[in-house]
Amino acid sequence: MLRIDGGRSVDLDIVNEGTQQHGCHSVENVLSGTAKSMDQFSSYPAEMAAVLAKQWDSRGFPLELLPSTASMVSLLDVCYQASLLREEDTPVRCRVIYASPTQLRGMAIQEPQPHVLSFAEPAILSPHNLRKLYAAADFYRAALAVTTDESGALVIWGLVVTGTEWVNRVEGSRFDGVSLPPNLVVQAIRPGHLVASSGYMRVLETNQGQLLIDGFDPFRSTWISGRFSSVREAMLSRLPEDHVNNSVTTKVCESFVRDLAQSVVRRVLRLVRNRRHGGLMVVLPNGAHEDGTCERWLRFRVQFQSDDSTLLYHGMMVRLMARALEVAKTRQLAILTWSDYQQFRDAELRRFDDQLIDFSHFLADMMTVDGALILDHSFRLIGFGGEILGDTPVQTIHRATDIEGHQTVAERADSAGTRHRSAYRLVNGLNQSIAVVVSQDGDVRFVAHHNGKLTYWPYLP
């Protein structure tokens with residue numbers, strides 16, 4: 001956790017040559033020289049460039065914002081090589097944005113803009129120069145601006161100061177920081193680990209020699225939303241009713257509760273992934289802490305005493321929604337949505353944001369203790385360091401090939417590690433539970449008993 005201006009909390013942790021016509025790239029030409037199937041790519045820069053072009057196009061981002069294919073391969077190659085270097089025993093960690101001075105200074109005036117500093121003499125983009133310059137462009141506060149000069153060479157022409165608020169922009173979270181144009185941004189996070197984005201919108205990630213393109217975001221599914229519907233209804237029922245005559249009646253959209261809860265879990269998963277330790281989170285049905293379920297299935301390193309203090313997050317969410325409802329009424333809104341909330345600028349809501357960040361770190365800390373972090377559907381803290389009991393092995397696990405799990409592929413359960421097999425065993429025995437397993441290499445799986453089958457979803461945010 002980093003404290004910046006006014007004590008504000010910030011969450012730190014975070015090819016073959018194609019053709020170019022009229023400034024636009026042909027994705028088909030970029031891909032034509034690639035023989036491997038999509039899920040078999042390793043992270044060589046040429047292959048990454050090919051997949052990046054296709055992913056970029058499929059997301060609807062302007063192709064003219066990408067460099068030429070040869071330049072894109074070179075850009076990714078330099079960032080990849082630089083990520084393997086160290087400067088005075090510190091790994092190179094940086095962000096690079098491919099944009100011209102005109103693009104960065106021509107953003108809409110109403111948007112908070114980054115501060116752009118141009119170099120008097122551009123530097124050639126090379127692993128050596130990134131190693132020498134990255135410390136001045138701190139990963140959390142600034143990016144190095146790169147463009148193609150008149151000779152066709154890639155050059156570093158300036159610094160783009162973004163501030164640290166961008167780190168909190170996990171999908172679905174509120175964001176008060178400066179904007180970036182939808183240009184290509186490449187983050188060198190750790191050795192061999194790159195993330196390519198359009199502005200702040202993640203497009204592609206490569207890690208451990210693999211392109212991470214095979215996966216889903218289960219948060220967007222209907223099945224996982226349905227598991228928590230009763231919790232959302234109960235939470236909404238706790239909000240104060242409006243009894244003031246002649247006032248605007250504002251209601252909270254049910255999806256607001258879902259998006260708020262999911263923003264916390266997304267942040268927790270990102271934190272655990274970035275720590276490279278791995279972890280396991282298990283969400284049990286409400287009442288599991290007192291109906292004997294925990295005693296039958298778990299042996300805890302630490303189990304919390306069951307009182308109101310374990311519902312910290314539940315109460316926090318209710319207070320946050322109550323305040324957001326007050327702000328929504330002043331704006332004459334009939335329905336408060338998550339999109340509305342993201343636009344609010346309110347000091348009290350900012351304090352709640354800080355508390356949610358702290359809570360996410362707290363969960364991530366407990367999740368990285370050997371064993372499982374155990375919660376229930378209401379986010380009640382039950383315990384951590386949980387050892388999953390039972391010796392009935394699970395022989396088969398089904399990998400979902402669509403977000404709703406209608407289509408699956410059977411796999412041997414023993415092909416996964418001990419942490420995964422423990423999660424499989426618990427969910428197979430407690431069908432209403434959900435497990436989220438994070439491997440040391442950053443792989444994340446959601447595990448649930450769904451459509452009569454033990455199923456997992458590879459997670460890609």
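User: At what angle do the axes of helix H7 and helix H8 cross?
Analyst: This is a predicted model, in which local features need pLDDT of at least 70, side-chain atom pairs count only at pLDDT 80 or more, and totals for chains, interfaces and linings use all residues. Helices (H or I, at least four residues) and strands (E, at least two) are DSSP runs numbered from the N terminus, and axes are lines fitted to C-alpha atoms, for helices over the stretch in contact, with angles from 0 to 180 degrees between N-to-C directions. H7 covers residues 229–237 and H8 covers residues 254–275; their axes come within 9 Å and cross at roughly 110°.

User: Is H7 roughly parallel or roughly perpendicular to H8?
Analyst: The crossing is at roughly 110°. Angles under 35 degrees count as roughly parallel, over 145 as roughly antiparallel, 65 to 115 as roughly perpendicular, and the rest as oblique. So H7 is, relative to H8, roughly perpendicular.

User: Which residues of H7 and H8 make the contact?
Analyst: Contact here means heavy atoms within 4.5 Å. From H7 come Ser229, Arg232, Met235 and Leu236, and from H8 come Glu254, Val257 and Arg258.

User: And how many residues of that H7 and H8 contact are charged?
Analyst: Ala, Val, Leu, Ile, Met, Phe, Trp, Tyr, Cys and Pro count as nonpolar, Asp, Glu, Lys and Arg as charged, and the others, Gly among them, as polar. Sorted that way, the contact has three nonpolar residues and one polar, and the charged ones number three.

User: How many residues of H8 are buried?
Analyst: Buried means under 20% relative accessible area, exposed over 50%, and partly exposed in between (1.4 Å probe, protein chains only). H8 is largely enclosed by the rest of the structure, because the buried share of its 22 residues is 18.

User: Which residue takes a positive phi just after H8?
Analyst: Most residues other than glycine have a negative phi. Just after H8, though, a phi of about 60° turns up at arginine 276.

User: Which residue with a positive phi follows H10?
Analyst: H10 runs over residues 312–330, and its reach of 28 Å is close to the 27 Å expected for 19 residues. After H10 there's a phi near 60°, and it belongs to glutamine 332.

User: Where does glutamate 88 lie?
Analyst: Glutamate 88 has a positive phi near 50°, and it's exposed, with a relative accessible area of 73%. Its place is the loop between strand S5 (86–87) and strand S6 (90–91).

User: What is the relative accessibility of aspartate 89?
Analyst: Aspartate 89 also sits in the loop between S5 and S6. Its phi is positive, about 70°, although it isn't a glycine. Aspartate 89 counts as exposed because its relative accessibility is 60%.

User: What separates the C-alpha atoms of cysteine 79 and valine 186?
Analyst: Residues are numbered from 1 along each chain as its sequence is written, and side-chain values use heavy atoms, with hydrogens and water left out. Cysteine 79 is in helix H3 (residues 69–83) and is buried at 1% relative accessibility. Leaving aside neighbours within four places in sequence, cysteine 79 is in contact with Val96, Leu130, Val186, Ala188 and Leu194. Though 107 residues apart along the chain, cysteine 79 and valine 186 have C-alpha atoms separated by 7.6 Å.

User: Which residue's backbone oxygen does the side chain of threonine 455 reach?
Analyst: Threonine 455 is found in strand S26 (residues 453–458) and is buried, with a relative accessible area of 0%. At 3.1 Å, the side chain of threonine 455 reaches the backbone oxygen of lysine 453.

How values were computed. A polar contact is a pair of N or O atoms within 3.5 Å; within protein, one must be able to donate a hydrogen and the other to accept it, and residues adjacent in sequence count only if both atoms are side-chain atoms. The expected span of a helix is 1.5 Å times one less than its number of residues.
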